[in-house]
Amino acid sequence: MSELVARTGRLQQRYEGGCRLVAGCIPYKFRDHCEDGDADSAKVVEVLMINSPSGPGLLFPKGGWENDETAEEAAMREAIEEAGVRGDLMDVIGDYQFKSKTHQDECCPDGLCKAAMYALFVKEELESWPEQSTRTRSWLTIPEAVDSCRHKWMEETLKDFSSWLEDKM
């Protein structure tokens, strides 16, 4: 059982222009790829995705951005709560709009959301985390992740992440 506890509820939820504000990240790490024993082998980028308790396909950790935190803090909190990882939050990848099928409320009756998504360089995988009973972690290469994305907007985020990563390398 995790000593950390996931936040729940909408009392502290931020809204802007009829949209629920969300923050999340693409957790990533490098894996050495060495098929022939070459010491100069290429590093393979792997991204961490999680299952959704509400249906098929994989997701990146994300959730409501609350009034008592910055978007960056919310993204790191969601990485811990949903995926059980910690690391260095790098740059913002971008802002993405989508419509939630499960999260309509009086402040956002149409379920419109705006997500600030970040790159998170993973330094630690927790053995225990708040949502581990409902979430499974999967490390995937970027092409595998594109094929596994549950939502089109996350696929777009992943493509932008790939461009960001190329610029950084």
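**View 1. Aromatic pairs, with Y96 and W153 as an example.** Eight aromatic pairs are counted in this predicted model, where rings of Phe, Tyr and Trp (its six-membered ring) pair if their centres lie within 6.5 Å, and planes under 30 degrees apart are stacked, over 60 edge-to-face and the rest tilted. The pair of Y96 and W153 is tilted, because the ring centres are 6.3 Å apart and the planes stand at 35°. Distant parts of the chain are linked by this pair, as Y96 belongs to strand β6 (residues 85–99) and W153, 57 residues apart from Y96, to helix α3 (residues 152–168). Helices (H or I, at least four residues) and strands (E, at least two) are DSSP runs, numbered from the N terminus. Local features need pLDDT of at least 70, side-chain atom pairs count only at pLDDT 80 or more, and totals for chains, interfaces and linings use all residues. Residues are numbered from 1 along each chain as its sequence is written, and side-chain values use heavy atoms, without hydrogens and water.

**View 2. A charge over the ring of W139.** The charged end of K29 lies 4.2 Å from the centre of this ring; the rule requires NZ of Lys or CZ of Arg within 6 Å of the ring centre and within 35 degrees of the ring normal.

**View 3. The cluster of Y28, F30, F121, F161 and W164.** Ring pairs join these five residues.
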